[in-house]
Amino acid sequence: MIYPENFENKIGFDRIRKLLSDKCLSPMGAEKVDSIGFIDDFETLSHNLSTTFEFQQLLQFEDFFPSDNYYEISDCLNKIRIEGTFPEVTEVFDMKRTLETVKAILGFFRTKESARYPVLKERCNSVKMFPYVLEAIDRIIDKKGIIKDNASPRLREIRSELVSKGILVSKRLNAILKQAQSDGIVDADTSASVRNGRGVIPVSSYDKRKIRGLIHDQSASGKTVFIEPEEIVEINNDLIELEYEEKREIVRILTAFADDIRPYIDELIEVNSFLGEIDFIRAKALMGNHLRSIKPVMVNKPFLSWRKALHPLLTLAFEKVPGRKVVPLEIVLDDRDRILLISGPNAGGKSVCLKTVGLLQYMMQCGLTIPVAEGSETGIFKNILIDIGDEQSIDNDLSTYSSHLINMKHFIKHGNEKTLVLIDEFGTGTEPMLGGSIAEAILGELNKNGVFGVITTHYTNLKHFASLTEGIVNGAMAFDNHLMQPLFQLTIGKPGSSFAFEIARKIGLPEEILAEASGKAGVKNINYDRHLKDIARDKRYWESKRQSIRQQEKKLEELMAEYEHELAGAKTLRKEIITKAKDEAQHLLKESNRIIENTIRQIKESQAEKEKTKDVRQQLEDFKVAVVQETKPLETEGESKIAELSFKVKKIKTESAKVQEKKVAKPVAEQPLKPGDPVRMIETMAAGEVIEIKDRMVQIETGSLRFYVPIEKIERITGSELKKSLKANQPVRENDMGIVQRNINFKPEIDIRGVRGEEAIRQVQDLIDTALIVRHRHLRILHGKGNGILRQLVRQYLDTVDVVKTFRDEHVEFGGAGITVVEMDL
């Protein structure tokens, strides 16, 4: 039940309805806006709110939704129910565009995931489309809404005759006009005209008898007459007859079309109703997005818990006023505190607060989302009863107070635990003491009935009653004592002062009048009001303190979080430094081990002193111990140890280099070669003996093969290294001739530009296999730059080949990143 009859006007929902209607695209949507009604069924209401909120999300996140051609076609469809009737061409064109819009809407939802807009998709699933109807329309109507020439064979013939006759009339009329111009009957610049749908020639009234024909019109001055020449009268008559016949044929075509679609009229009306429903939901969603409305959490019982609720009409009004903002409302009505009694100064926002509750609850129970913050909850009420404004009536012999009492009688009779009552200025309109007593008794009865409500008042006895009665809670509209202006903020839990004396003092009433009024009001009332003001002042003070503490706590939490983050980062960095230090230490150990072992090997091969060998080995052992001992305390010393270890490694390297310099044989450049010397070719790592030296070329024999090699590309080795190398290569001697042939034909460079991936990898594999057989160390792979795909593919493969030691880009002067240089580990 909604009470009274003008409920919507009192709370402002009539303006909401008008705003919704303005956002509709079609008369069907506007009709649904007019039929909005109060819903008290939980499932129906929840479904309607979900539909609206889903459409709000659709409008926010989708780039396009069909919003053109929302036409009302139900009148046309109902008209053609009677056999023999037919629609107008424009009506058929509207039907075509409407059905295409519905088809586009269904296609839109069909392409979306089921979880995206589940309620809207479910609604679309029940809509049927009739391709036959669209095809029937397309056969007779073109894209511009005109009957097609080929809508019927006879229509094609008629229009063809119309064109040919029209051309004939135009030719004959122009010929007659030219003849008249040459005879001087009409001026040279005269042109043919049209009167009553027929071609005519303007002739001076003095020369009208010189041209035989029918006069159809004359100028306002009477000096010019418009004559249809006799020669074309019959042709024009034929044209008119053809035009009438064309109209009759179009009517026949439309009648046949109506007969074809008559069995689908009811379904087509349902389709049109669906389009109106989409238009209606779209209008609600547009308003919801404008007001930043949401669907609150629904509870299937009478209940309110709103955060940052805004009055929608006030919000829209303040948008046009720079610097004005609506103060949000925080309100809770639950089983413990069902009735909120709001007190406070005049113009402090009590009535706005009450109307906000009434309007938002009514909007929500009409299926509209409401402007509240996330986390808000709301239930449903069976009845909403309001008493706002003056209902006095001369016709009914009602005074203001009488009308209020009639409303109270209705509230007591129909109020129950599923009723929301809204009463503004409760108890006013009569003598304050008696009016206050009656109001207190009515409030007690309403509370006994279990109603929920918001009530505004100035009466002190009602504030006392609320503070002592279970189910009723006081509320106050905040007021700034210093600036003497309202803050429009609702605080629940304490009553508010009317600030009557303060406001009167600000307005400028004389102090003697205020003093006399204070005496008449009585000490108790003055003290009570003063205590309320003191409580309000203290509460604001402690609220500001609490807010300050919250801000400080928030800053402290942020600072603690920042320090914890930095500490975690420091721990991670510490672990990374330790790991890095250990890795580098191990690397240094392996490097130094390799250098020293190599040095010892060369010392032995050169038959160096045993004492020096022992010294070098002892340095290695000392270094190993140093690494093991010094990696333990790395947790505290980090990379400083790495520097110390690096210094020790450098020292060992220096010692090793000195020994090697003293004991290893001189390089080829410093000591001349002679036949019989063991040497090794640098590129292929093949070892052999010098046979002959001629100019800068050296003939080397390795196994059963002989090569000529530039002297710069060989190095001297020891006899034992030569024996070891020859022994390792013994198994291939059976295929010496094949190897020789491979050496002769081998090219250490391939070009795979333009080759597909798999073929390119195969060619690289062949190159590496051949290089292994002929023992060629340096290779070049030309793959080009391009997008780098082939280069990446080749290098990924090289990473998996064990015999590939390193690979890199060629020098920029010789191809750069377009060529990969490969060094084999032979």
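Biologist: How much space lies in the largest cavity?

Modeller: About 100 Å³ of space lies there. A cavity here is a set of points, on a 1 Å grid over the protein atoms alone, where a 1.4 Å probe fits but cannot get out, and its volume is the space filled by probe spheres set on the points, which are joined across faces, edges and corners. Please keep in mind that this is a predicted model, in which local features need pLDDT of at least 70 and side-chain atom pairs count only at pLDDT 80 or more, while totals for chains, interfaces and linings use all residues. Residues are numbered from 1 along each chain as its sequence is written, and side-chain values use heavy atoms, with hydrogens and water left out.

Biologist: What about the second largest cavity, what volume does it have?

Modeller: Its volume is about 40 Å³, and the largest share of its lining, four residues, comes from helix 11 (residues 265-291). Among the residues lining the second largest cavity are Lys284, Met287, Ser293 and Thr369.

Biologist: Changing topic, in what order do the four strands of the open sheet run?

Modeller: The order is 21-22-24-23, with mixed pairing, and two strands count as paired if DSSP finds at least two bridges between them. Strand 21 (749-751) and strand 23 (804-809) are the edge strands, each pairing on one side only.

Biologist: And in which sense do strand 21 and strand 22 pair, parallel or antiparallel?

Modeller: Strand 21 and strand 22 (residues 778-782) pair in the parallel sense, over three bridges, and Asp751 stands opposite Leu782 in strand 22.

Biologist: Which strands does helix 25 touch?

Modeller: Helix 25 (residues 757-774) packs on the sheet and touches strand 21, strand 22, strand 23 and strand 24 (819-824), contact meaning heavy atoms within 4.5 Å. The direction of helix 25 makes about 165° with that of strand 22; axes are lines fitted to C-alpha atoms, for helices over the stretch in contact, and angles run from 0 to 180 degrees between N-to-C directions.

Technical notes
1 Å grid on protein atoms, 1.4 Å probe; cavity = no way out; pocket = protein on both sides within 12 Å on 5 of 7 lines; lining within 4 Å. Helix = DSSP H or I, 4+ residues; strand = E, 2+ residues; numbered from the N terminus.
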